[in-house]
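I opened the notebook to record what I looked up in this entry. The sequence and the model come before my notes.

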Amino acid sequence: QVQLVESGGGLAQPGGSLRLSCSASGSIISINAMGWYRQASGKRRELVAVINNSGRTNYADSAKGRFTISRDNAKKTVTLQMNSLKPEDTAVYYCNANVQYTPFTRGDFWGQGTQVTVSS
């Protein structure tokens, strides 16, 4: 149906940077919002950043000024550039996309998650 594949997680030092990418494929007619969420151990999944198909963005307060979300509509990809990383950014990061996959059906899809660890 629709698949989201993430890449780019890993280990970074405090103050460092990582870049996450997510590619959507499958039976896609159009994609509305694409975004990144994260879930730290023992905590609820939370929004990090979202971007709609017009390029309008919204960030969690914790991400403002440090993270930048962007997308390439033609390639069906969304990217999260994370700078000035902090240990509290450690979490599994999930890509999300709201996809129209039939002329009458739209739904949310998730990637498998990628681990981001910020530690010295």
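I count a residue as buried when its relative accessible area is under 20%. By that cut-off, 38% of the 120 residues of the protein are buried. I noted at the start that this is a predicted model.

**Secondary structure.** I looked up the helices and strands and found 0 helices and 11 strands. Along the sequence I wrote the pattern down as β-β-β-β-β-β-β-β-β-β-β.

**Disulfide.** How many disulfides does the structure hold? I found 1 disulfide. Cys22 and Cys95 form it, with their sulfur atoms 2.1 Å apart. Cys22 sits in strand β3 (residues 18-26) and Cys95 in strand β9 (residues 91-102). The two are 73 residues apart, so I noted that the pair links distant parts of the chain. I checked the torsion about the S-S bond of Cys22 and Cys95: it is about -80°, so the disulfide is left-handed. Are these two cysteines buried or exposed? Both Cys22 and Cys95 are buried.

**Overall shape.** For 120 residues, a compact globule would have a radius of gyration near 14 Å, and the protein agrees, with 14 Å. I also noted the box that the C-alpha atoms fill, roughly 50 × 25 × 20 Å along the principal axes.

**Contacts.** I took the contacts with a separation of 6 or more and found that 55% of them join residues 24 or more positions apart.

**Surface and charge.** The accessible surface is about 6400 Å², and carbon and sulfur atoms hold 45% of that area. I listed 13 positive and 7 negative side chains. The centres of these two sets lie 4 Å apart.

Definitions and conventions. Residues numbered from 1 in each chain as written. Predicted model: local features only at pLDDT ≥ 70, side-chain atom pairs only at ≥ 80, totals over all residues. Heavy atoms only, no water. Disulfide = S-S within 2.5 Å. Helix = DSSP H or I, 4+ residues; strand = E, 2+ residues; numbered from the N terminus. Buried < 20%, exposed > 50% of the residue type's maximum accessible area, 1.4 Å probe, protein only. Rg over C-alpha atoms; globule rule 2.2 N^0.38 Å. Contact = heavy atoms within 4.5 Å. Areas by Shrake-Rupley, 256 points an atom, 1.4 Å probe, with all protein chains shown as cover. Lys, Arg positive; Asp, Glu negative; His and termini not counted. Charge placed at Lys NZ, Arg CZ, Asp CG, Glu CD.
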